[in-house]
Amino acid sequence: MKGHGTLEAVPDELSAADILRFLQTDDPAVIAHLYRTADRIRAEYVGDEIHIRALLNISNYCIRNCCYCGLRRDNRELVRYRMTADEIVAAARRAAAQGYRTIVLQSGEDPFFTEEIVCDIIAQIRSSCDIVITLSLGERNYQTLMRWFQEGARRYLLKYETSDPTLYQAIHPDMQFQDRIRMLENLKEIGYQTGTGIIVGLPGQTYASVADDILLFHKFDADMIACGPFIYNPKTPLCQTTPDRQRYIQPDAVSVYKVIALARIMTRDTLIPATTALRMITPRDGVRMAFQAGANVIMHNVTPQPYAALYEIYPQQAGVDQFPTREAFVSFLESATGRTVSHGYGDRRAVVEGKRRHPERQHVARP
Ligand code: SAM
Ligand code: SF4
């Protein structure tokens, strides 16, 4: 593709140079055109329905130390909690009764939730309500992931955060980028619908590295792609910087909309949420704009108090999840976007049709 003018006929794949140009442009007409194109592709490949996921944050304990995250183990100022298995199952039942068809069980990387304990929770939820279980419990080994899948979990979220190995290493002191990729490959091999994503605007994150992140979404054939802005948390070591606009992507809403649009254009039928982090920095327009730029999914936090307030990844902003019921959230979404909320499970189309690509593993060994 040569320049922005030819975006009207978007090819199946944009080159790294094309992606870079869109990430860097400030031209409002080009940006509007990018969003329109992504929106057209979204309508063609995944339709107009919005999928809502119930989000249950089951524990804020974490053995990891990601430099940007308030749940990191060295944050001694955070009051820690862990929901009991009974509380988790009860919350899942309530969510199903309200009409949610997917529940995301998310937590810090908390060793309390062993293979057995999570198997038991999955079994109890599966036997008592009709809801798809998505897990987002951090890095786990092949056997554990396989057991959870056999027990009935169907989706897993693990963002690679950045595909720049140097930046990854700098902000994840005790983790390896290769381990993330290997685990994502394991998830796909086992049969999970596999979600990944990035943080946009990390200090030191260049436009070029975000272009690579987007190319990797396509190469990996991710089923779900979550992209939110970096939000500074004063209880973490990663500083708030004013990045040089020429070189570094900004942690702002427009950067995130662009990444959503480019991910949609590159991956076509994936599930792309308007993330909670995006809604944190743009409580009023974030949802509407993200859904105009290619998004088709949103999470609704169903974590009960007092736990919800303690899941402090970044400073909470009042009003983001102020909707007490699914019904209230649905009516907000439908009036903000002019689209309708799905009653289905919200599986990726390629998965339902058995057309998912299985890119070659980059890592042969299983951990
Ligand atoms: N522990 C699991 C994991 O890391 O995959 C799941 C929970 S973790 C809190 C969920 C996501 O929060 C991470 O993938 C990361 O992208 C996001 N996150 C953490 N701190 C953030 C920050 N300061 N700004 C934006 N996103 C952040
Ligand atoms: Fe733990 Fe996940 Fe936060 Fe990293 S991003 S510190 S693994 S909760």
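Is L215 buried, partly exposed or exposed? I looked it up: L215 is partly exposed, with a relative accessible area of 26%. For my own use, buried means under 20% relative accessible area, exposed means over 50%, and partly exposed is in between, with a 1.4 Å probe and protein chains only.

**Ground rules**

I'm working from a predicted model, where local features need pLDDT of at least 70, side-chain atom pairs count only at pLDDT 80 or more, and totals for chains, interfaces and linings use all residues. Residues are numbered from 1 along each chain as its sequence is written, chains are lettered from A and ligands numbered from 1 in the order in which they are written, and side-chain values use heavy atoms, with hydrogens and water left out.

**Entry: L215, continued**

I placed L215 in helix α8, residues 207-220. Helices (H or I, at least four residues) and strands (E, at least two) are DSSP runs, numbered from the N terminus. I also checked L215 against R72: the two are 143 residues apart in sequence and 29 Å apart in space, C-alpha to C-alpha.

**Entry: ligand 2**

R72 turned up again here. I found ligand 2 surrounded by C62, R64, C66, Y68, C69, L71, R72 and G108. A residue gets onto such a list if one of its heavy atoms lies within 4 Å of the molecule. Sorted by class, this shell has 5 nonpolar, 1 polar and 2 charged residues. The classes go like this: Ala, Val, Leu, Ile, Met, Phe, Trp, Tyr, Cys and Pro are nonpolar, Asp, Glu, Lys and Arg are charged, and the others, Gly among them, are polar.

**Entry: ligand 1**

How many residues surround ligand 1? I got 17, and the closest are Y68, K159, E161, I231 and I313. Y68 is also listed around ligand 2. The shell of ligand 1 has 10 nonpolar, 5 polar and 2 charged residues.

Next I went through polar contacts, meaning pairs of N or O atoms within 3.5 Å (within protein, one must be able to donate a hydrogen and the other to accept it, and residues adjacent in sequence count only if both atoms are side-chain atoms). A nitrogen atom of ligand 1 is 2.9 Å from a polar backbone atom of Y68. I noted a nitrogen atom of ligand 1 at 3.0 Å from a polar backbone atom of S107. With K159 the side chain is involved: one of its N or O atoms is 3.0 Å from an oxygen atom of ligand 1. Taken alone, ligand 1 exposes 560 Å², and the protein buries 91% of that. Those areas come from the Shrake-Rupley method with a 1.4 Å probe; for residues, only the protein chains shown count as cover.

I came back to E161 for its backbone. Most residues other than glycine have a negative phi, and most peptide bonds are trans. E161 has a positive phi of about 70° although it is not a glycine. I located E161 in the loop between β4 (155-157) and α6 (165-171), and at 11% relative accessibility it counts as buried.

R268 has a positive phi too, near 65°. I found R268 in the loop between α9 and β7 (273-274), and it counts as buried at 14%.

**Entry: a cis bond**

Which residues does a cis peptide bond join? I found Q305 and P306, with omega about 5°. P306 is in the loop between β8 (297-301) and α12 (307-310).

**Entry: aromatic rings**

My search of the whole structure gave 11 aromatic pairs. Rings of Phe, Tyr and Trp (its six-membered ring) pair if their centres lie within 6.5 Å; planes under 30 degrees apart count as stacked, over 60 as edge-to-face and the rest as tilted. Y35 and Y257 have ring centres 6.2 Å apart and planes at 90°, so I wrote them down as edge-to-face. Y35 lies in helix α2 (residues 28-46) and Y257 in helix α9 (residues 253-267), so this pair ties together parts that are 222 residues apart in sequence. Y35 is buried at 11%, and Y257 is buried at 5%.

F323 and F332 are stacked, 4.7 Å centre to centre with 25° between the planes. F323 is buried at 14%, whereas F332 is partly exposed at 21%. I also noted that Y160, Y168, F177 and F217 form one aromatic cluster.
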